[in-house]
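This briefing covers aromatic contacts and pockets in one protein model.

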Amino acid sequence: MTQELIDSFRTLRENIVQTTPVTSGRLVRGVGLTLEAVGCHIPIGGRCLVKTLNGKVEAEVVGFSDNITHLMPVDSIQGIVPGSMVEPLTQDAGIPVGEALLGRVIDANGKPLDDKGPIQTTGTVTSTAPPINPLHRKPVREPLDVGVRAINSVITVGKGQRMGLFAGSGVGKSVLMGMMTRGTTADVVVVGLIGERGREVKEFIEDILSEDERKKAVVVAAPADTSPLMRLKGSETAVAVAEYFRDQGKNVLLLIDSLTRYAMAQREIALAVGEPPATKGYPPSVFAKLPALVERAGNGNEYQGSITAFYTVLTEGDDLQDPIADAARAILDGHIVLSRQLAESGHYPAIDIESSISRVMPQVVSQPHQLAARDIKRIYSAYQKNKDLINLGAYAKGSDPVIDLSIAAAPAINAFLQQQTLQVVDFTQSTETMTTLASGLKSNG
């Protein structure tokens with residue numbers, strides 16, 4: 001009996017988790033975006049309060065070196081002096097979630113920005129979540145109607161797909177996001193406006209979304225003038241809200257504008273704490289965080305709904321080989337490219353169907369649909385490749401029947417791909433129009 005007790009106590013002792021008590025500290029250095037404190041025993045990702053001359057400022061632990069703890073303030077660091085006390089926050093309030101979130105605008109911490117009072121919810125979630133077992137996810141098998149004819153027909157998106165929206169500045173990505181928000185059949189729309197101009201937040205809500213559309217939308221705003229920590233968390237908060245509604249069995253459309261600003265925020269934080277730069281100034285942690293964020297979207301299990309996600313990616317100088325654009329293409333299920341040349345010619349939405357692709361389209365549409373889309377892309381591509389020769393008059397009619405057909409069909413295809421901003425074209429109508437157009441191309445060919 002005595003030996004059995006000894007063995008039992010030994011087992012209990014081995015199972016005791018050794019933890020370091022969370023204690024307060026003081027600031028010893030402030031450089032650039034980061035603060036350095038000693039005496040703190042706070043885990044990475046933990047929150048704390050820094051006493052300043054103007055009150056208390058919330059900060060997050062982003063790294064440590066020996067006995068130095070690196071902090072990133074959430075707000076302005078004015079009023080901080082050497083020796084300021086650092087107090088740990090033992091509890092995270094979390095992000096409020098529930099039906100009351102619909103129609104609201106919140107910041108990265110889940111606090112309302114729309115002057116409509118407190119959000120009356122009973123549940124909370126954290127901005128981070130463990131990854132879903134890939135074998136527990138439902139496969140992508142159903143198309144999602146986004147109300148945009150060019151996407152519904154030629155670049156069909158499936159429920160639970162993750163798509164990239166690649167565009168330079170000023171080619172209409174925000175307008176296209178508004179069109180999808182307006183025309184989608186998803187139950188809930190979650191929009192993350194990350195690192196954009198503060199003016200665009202109000203414009204997106206008031207000018208692009210109507211009153212009815214706002215009732216099923218949640219907007220998470222972390223503009224460019226917020227700290228990199230808030231921009232980083234803003235993206236994660238938007239995904240966390242989408243995950244909540246997915247877990248309730250709803251089909252969610254998640255729009256993050258932009259994934260590039262998310263990567264830039266992580267770059268600022270990583271460089272500030274001493275991580276070495278790698279590809280074009282982006283530290284390795286940036287390329288580790290991108291798939292961790294993207295993989296949280298998608299289908300849930302058989303009892304849950306789906307998150308169909310669109311992440312805008314800024315292409316500097318319309319360079320699709322930018323490190324973030326290249327990394328995003330590798331981890332997403334397809335991409336839609338917006339062309340500056342089309343935008344400048346007044347072709348809206350400026351979707352370049354030749355450069356765009358949906359990798360799950362074969363799994364969500366019928367074979368006739370897929371063949372019709374392929375025919376339109378083939379004729380469109382033939383015209384685009386020979387456009388300069390055609391415009392210069394250097395092409396002799398009759399030299400190539402495919403080019404002849406593309407010249408004749410170009411006005412009809414361009415008219416099919418264009419759409420008014422407030423116009424909504426459902427999936428059935430988009431498919432029928434595309435099938436009719438493709439049949440006409442074959443008969444003329």
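The model is predicted, so local features need pLDDT of at least 70 and side-chain atom pairs count only at pLDDT 80 or more, while totals for chains, interfaces and linings use all residues. Residues are numbered from 1 along each chain as its sequence is written, and side-chain values use heavy atoms, with hydrogens and water left out.

**Aromatic rings**
- There are two aromatic pairs, a pair being rings of Phe, Tyr or Trp (its six-membered ring) with centres within 6.5 Å, stacked if the planes are under 30 degrees apart, edge-to-face if over 60 and tilted otherwise.
- Tyr-244 and Phe-245 are edge-to-face, because their planes are at 75 degrees, with ring centres 5.2 Å apart.
- Tyr-282 and Phe-287 have ring centres 6.2 Å apart and planes at 70 degrees, so this pair is edge-to-face.
- The charged end of Arg-267 sits over the ring of Tyr-282, 4.3 Å from its centre (CZ of Arg or NZ of Lys within 6 Å of the ring centre and within 35 degrees of the ring normal).

**Pockets**
- The largest pocket holds about 480 Å³ of space; a pocket is an open set of points on a 1 Å grid over the protein atoms alone, where a 1.4 Å probe fits, with protein on both sides within 12 Å along at least five of seven lines.
- Its lining has 27 residues (an atom within 4 Å of a point), with Lys-173, Ser-174, Glu-196, Arg-197 and Glu-200 nearest the centre.
- The second largest pocket has a volume of about 360 Å³.
- Gly-45, Glu-60, Leu-229, Glu-236 and Lys-289 are closest to the centre of the second largest pocket, among 20 lining residues.

Terms used:
Points joined across faces, edges and corners; volume = space filled by probe spheres on them.
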